[in-house]
Amino acid sequence: MNGRTEPAPTRTAPTQTAPTQTAPTTRPPLVRELLLVAGLFVVYKSGRQLATGHTGEAFRNADRVWDLERALHLPGEGSVQHLLLHGDTLIRLANTYYATVHFPATAAFLIWLWLRRPAHYVWSRRVLATVTAAALVVHLAFPLAPPRMPAATGLIDTGRVYGPSVYGSPETDHLSNQFAAMPSLHFGWALMVAIGLIVATRSRWRPLWLLHPLVTLLVIVGTANHYWLDAIVATALLGLALAAVGRPGLTAATAGRGADRFAPAEAARSGKSAEKDVILAGATR
């Protein structure tokens, strides 16, 4: 005992770090987005019309694509169609899927993103617009008759035979360009829907969204509306579109959940660390 009293360690209240706040992502104006999407659809339909009237070239290209697939040893489209033809119900379901899922699924995807993930919506809309524009260029430069048309393929037009069908006779159908098989926007859009939902969500089940493009692939091939190469080219164009547009930013909802989830724990750890430093400092004096 030397008569000196050591000062008691001073304890300071741990500093509480406020959760990091992320600026909310502004939802794009609804009217503007409706006009943009409607304009994209009009351009899509108009562009397809520009490619009509190339019947001879479309059938010659079909022969080239068919021969190339055989040279590459790709599986025959007929094997998928044979599986679907085991029952009238199955082939009608495939025709219905082809006729009714393409546009509604993509529209529902964009609407949900606009409501819940605005930043991902803008990214997805840009990717879809880019891949669609690239596809229209290929449609104009390379008219292609689908495999249901050339007799050499041995495939049948399942929509016309079993129904329902979205196409009329190529000679009288003025609403669609039936010689725009490559690339398949049915598959390209379906793949983008799956990728967009996987990126925008956090569920451990989100890889199951890939079932949508997988089913779409089997449907477009089995109904003889597209070749395997149509889906391969669509995948390549989508990859280029994704690279050109870049990665999406964090949405307000995702960032908010992340801040709320981790900021309190980080603050508590910071406070405990500060308290420990003060105690150690007092003990060594």
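Modeller: Trp189 is buried, at 8% relative accessible area; buried stands for under 20% relative accessible area, exposed for over 50% and partly exposed for the range in between, with a 1.4 Å probe and protein chains only. The model is a predicted one, in which local features need pLDDT of at least 70, side-chain atom pairs count only at pLDDT 80 or more, and totals for chains, interfaces and linings use all residues. Residues are numbered from 1 along each chain as its sequence is written, and side-chain values use heavy atoms, with hydrogens and water left out.

The chain holds three aromatic pairs, where rings of Phe, Tyr and Trp (its six-membered ring) pair if their centres lie within 6.5 Å, and planes under 30 degrees apart are stacked, over 60 edge-to-face and the rest tilted. A pair of aromatic rings is described by the distance of the centres and the angle of the planes. One of these pairs joins Trp189 to Phe103, edge-to-face, with 5.6 Å between centres and 80 degrees between planes. Phe103 belongs to helix 5 and Trp189 to helix 8, so the pair links distant parts of the chain, 86 residues apart; helices (H or I, at least four residues) and strands (E, at least two) are DSSP runs numbered from the N terminus.

Next comes the packing. A nonpolar core is a set of buried Ala, Val, Leu, Ile, Met, Phe, Trp, Tyr and Cys residues joined through side-chain atoms within 4.5 Å. The largest one has 34 residues, and Phe109, Phe187 and Leu217 touch the most other members. Helices 3, 4, 5, 6, 8, 9 and 10 each give two or more residues to this core, and helix 8 gives the most, with eight. Beyond its neighbours within four places in sequence, Phe187 is in contact (heavy atoms within 4.5 Å) with residues including Pro213, Leu217, Ile220 and Ala234. A second, separate core has 12 residues, among them Ala58, Val65 and Leu144.

Leu218, in helix 9, is partly exposed at 40%. Apart from its neighbours within four places in sequence, Leu218 is in contact with Val80 and Leu84. The C-alpha atoms of Leu218 and Glu77 are separated by 9.3 Å, although the two residues lie 141 apart along the chain.

Glu77 is buried, at 0% relative accessibility, and its side chain meets that of Arg70 in a salt bridge of 3.6 Å, N to O; a salt bridge needs a side-chain nitrogen of Lys or Arg within 4 Å of a carboxyl oxygen of Asp or Glu. Arg70 is partly exposed, at 28%. The charged end of Arg70 also sits over the ring of Trp66, 4.2 Å from its centre, where the rule asks for NZ of Lys or CZ of Arg within 6 Å of the ring centre and within 35 degrees of the ring normal. Arg27 lies over the face of Trp114 at 5.2 Å from the ring centre.

The structure holds five salt bridges. Another of them joins Asp157 and Arg148 at 3.7 Å, and both of these residues are buried. Arg32, Glu33 and Arg125 form a linked network of salt bridges, in which Glu33 and Arg32 meet at 2.9 Å.
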